[in-house]
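Here is a short briefing to read with the model open beside you.

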Amino acid sequence: MAGEAIRIIGIDPGLRRTGWGIIDSDGVRLAYVACGSVCSDDGEALGVRLRQLFDGLQEVLARLSPVEAAIEQTFVNRDASATLKLGQARGIAMLVPSLLGVTIAEYAPNAIKKTVVGAGHGDKGQIRAMVARLLPRAAPDSADAADALAIAITHAHCRSWRRLEAAVALAARSAS
C-alpha cells in the first residue's frame, strides 16, 4: 500500500505557543522533516499576538510546503475567556493552510492520544515518548511541537485507513 510520499503538517494551536510538526508519509513509513513552535509576545495586544502566529505559521508553510494539514480540535474548559482566545489562535492555525490551498483535517485530542499512545487519556510524557519511538530523528523543543508531530502522525494513519477502505470498496464493486 506504499505510494508517493505526502508531506503533512500537524498543528497544535495555542495563543502563547502554537506547535507545528511536519512529516512525510508514503502510507507505510513515516519520516520526520521538522518541528518547532511559533510564539507570540505575552506583552502585546491580542491582535498583534494573532498576527505573530499568522506570520510564523505562514513562514513555516512557505518554507516546508506541506500539502495536507491536521489540527487538534478545541475542547471547552472552565475558563470561557481562555477558551475564546484558544479558539482565535485555532482560527489562525486553520486560516494559514487554507489560504495556501492546503487541505485541513481535524482530530479530537483523545483520538490523537489513542492513535499515538494507544489510550485516549495518555499524558504529555507518553506522547513525547511515542513520538520519539515513531520518529527517531525528531527532537521536539517543546510539548507543543511533540503534540503537533502526534497530530501529523494521527493524520498519516487515518489517511492510510481511508485509502485501504476505498481500495476494499472498489474491489468489492469490481467483484460484483
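**A buried proline and its surroundings**

Pro97 is buried, with a relative accessible area of 1%; buried means under 20% relative accessible area, exposed over 50%, and partly exposed in between, using a 1.4 Å probe and protein chains only. Pro97 is found in helix α2, where helices (H or I, at least four residues) and strands (E, at least two) are DSSP runs numbered from the N terminus. Please keep in mind that this is a predicted model, in which local features need pLDDT of at least 70 and side-chain atom pairs count only at pLDDT 80 or more, while totals for chains, interfaces and linings use all residues. Residues are numbered from 1 along each chain as its sequence is written, and side-chain values use heavy atoms, with hydrogens and water left out.

**Around Pro97**

- Not counting residues up to four places away in sequence, Pro97 touches Ile11, Leu61, Ala69, Val102 and Ile104; contact means heavy atoms within 4.5 Å.
- Pro97 and Ala62 are 35 residues apart in sequence, and their C-alpha atoms are 9.7 Å apart in space.

**Helix α2**

- Helix α2 covers residues 80–99, and its 20 residues should span 28 Å at 1.5 Å a residue; the end C-alpha atoms are 28 Å apart, which agrees. The expected span is 1.5 Å times one less than the number of residues.
- Which residues of α2 are buried? They are Thr83, Ala89, Arg90, Ile92, Ala93, Val96 and Pro97.
- The cover over these buried residues includes β1 (6–12), α1 (46–64), β4 (68–72) and β5 (103–107).
- Gly101 follows α2 and has a positive phi, near 80°.

- Five strands form an open sheet in the order β3-β2-β1-β4-β5, with mixed pairing. Two strands pair if DSSP finds at least two bridges between them.
- β3 (30–39) and β5 are the edge strands, each pairing on one side only.
- On average, neighbouring strands of this sheet are turned by 20° against each other, direction ignored. Axes are lines fitted to C-alpha atoms, for helices over the stretch in contact, and angles run from 0 to 180 degrees between N-to-C directions.
- β4 and β5 pair in the parallel sense over five bridges. Ala69 has Ile104 of β5 as its bridge partner, and both Ala69 and Ile104 are among the residues that Pro97 touches.
- Helix α1 lies across β1, β2 (17–25) and β3, running at about 155° to β3.
- Ser65 lies in the loop between α1 and β4. Although Ser65 is not a glycine, it has a positive phi of about 50°. Ser65 counts as partly exposed, at 46% relative accessibility.

**Salt bridges**

- Side chains of opposite charge can pair when their charged atoms come close. A salt bridge here is a side-chain nitrogen of Lys or Arg within 4 Å of a carboxyl oxygen of Asp or Glu, and by this rule the count comes to nine.
- Asp55 and Arg51 form one of these, at 2.8 Å from N to O. Both residues lie in helix α1, four residues apart, about one turn of the helix. Asp55 is partly exposed at 34% relative accessibility, whereas Arg51 is exposed at 52%.
- Arg63 forms a salt bridge with Glu59, and their closest N and O atoms are 2.7 Å apart. Arg63 and Glu59 also lie in helix α1, four residues apart, about one turn of the helix. Arg63 is partly exposed at 47% relative accessibility, and Glu59 is partly exposed at 40%.
- Lys124 and Asp147 meet through their side chains in a salt bridge of 2.3 Å, N to O. Lys124 lies in helix α4 (residues 124–134) and Asp147 in helix α5 (residues 143–175), so the pair ties together parts that are 23 residues apart in sequence.
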